[in-house]
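Here are my notes on the pockets. Please read them with the model open.

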Amino acid sequence: MKTIRDFNPKDKTILIRVDYNVPVKSGKVTSDLRIRASLPTINYLLEHGAKKIILISHLGRPEGKTNPDFTLSPVADTLRKLLPDVKIGFYPLPEKGAKAKIPAEVKIALLENLRFDPDEENNDQDFIKNIIDATDADTYVQDGFAVIHRAHASTDAVKNFLPVYAGLLLESEVKNLESATKNPAKPILLIIGGSKVDDKQPLIDKFATKADQIFVGGKIAADGYKAKNPRIIVADDFDEDSKGAKLDIGPLSTAKLAGLITDAKTVIWNGLLGYAEDPAYATASTITAEVIGEKPTNETTTIICGGDTTGFVEKLMEDHPSLHYSLVSTGGGASLEFLLGKKLPGLEAIQA
């Protein structure tokens, strides 16, 4: 995989696909973890003489229409706070055939939400070429791991016009996920939670012979998931509400899982173990995150993936900065498809 270390950024205008699909409330970014995750790539390119950096991203699902609820303007405000010594501008998507009006002194230009135009998700070549021409970009860097499983204009069609390289965040994601699929250290533990069996069964099947243990919790277990494979352990005690609904795995199953985590050398966790939106039923997920996060990352590989799970762990890390993981993946669907061995258009564009 070609990375930003494989070319000289000096005097180049570099188009970077980032993942700034972050939570925003009342015009403010409420978690800047994904923005901070992009800074190593941005700083590397600036330190190595990049002339200008053009950042492109999506936010939410505006369905191809301009919608102020999904503007990236709050992200630009957060970037300015994170990079106070760099001149940063925020600009609309360029009109067809028009040059983007970015002053020379601006080092980083963030463009408006790509998905305000339906041609982004349509993988339209003219759409991305117009952005390239408008900004005079001469090199493309893919650092939005969360979108590499999408065949969109900014992940796929872009390869037809610019040389493509991986950013440092994408490189880290791929390396850590590869470590869990190619000769991982044993014992291997896969932890499965969440609510939809159909979403999780392919991952269970993929690791049925690879993992030493698979632990199943969440609503899947509460609904009576059954497994004939002796390697698969299904939670069998639960915390219930006043109506008898099983909303978290119970103390016995949680203790059993904690022991499996302690013994494992490779841990992959996808899916919360209870209805963690309610703190009363976040106990098992919290204990699991803490036990995994206390393992030494120089001796074990610990991977957190899936949107709800990573969001939960990211919030916990804000309150408990001593917790560390090999990877808290920024890509929900992308990380799952990678683990399943599926083709990822954004990754293939780099390897082309």
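How many nonpolar, polar and charged residues does the lining of the second largest pocket have? The points below take this up, with one caution to start.

1. This is a predicted model. Please treat the pockets described here as computed features of that model.

2. The lining of the second largest pocket has 9 nonpolar, 11 polar and 8 charged residues. That answers the opening question. The volume of this second largest pocket is about 590 Å³.

3. In the second largest pocket, 28 residues form the lining. Nearest its centre lie Gly 194, Ser 195, Gly 271, Leu 272 and Asp 308. Check these by eye.

4. Several elements contribute to the second largest pocket. At least two lining residues come from each of α6 (197-207), α7 (218-222), β13 (246-249), α10 and α11. Strand β13 gives the most, with 4 residues.

5. Now the largest pocket. Its volume is about 760 Å³. The lining counts 30 residues. Asp 19, Asn 21, Arg 34, Gly 307 and Thr 330 are the ones nearest the centre.

6. Three helices each supply at least two residues to the lining of the largest pocket: α1 (33-47), α10 (307-319) and α11 (332-339). Helix α10 gives the most, with 6 residues.

7. By class, the lining of the largest pocket splits into 7 nonpolar, 13 polar and 10 charged residues.

8. Look at α10 and α11 again. Each supplies at least two residues to the lining of the largest pocket, and each also supplies at least two to that of the second largest pocket.

Definitions and conventions. Residues numbered from 1 in each chain as written. Predicted model: local features only at pLDDT ≥ 70, side-chain atom pairs only at ≥ 80, totals over all residues. Heavy atoms only, no water. 1 Å grid on protein atoms, 1.4 Å probe; cavity = no way out; pocket = protein on both sides within 12 Å on 5 of 7 lines; lining within 4 Å. Points joined across faces, edges and corners; volume = space filled by probe spheres on them. Nonpolar A, V, L, I, M, F, W, Y, C, P; charged D, E, K, R; others polar.
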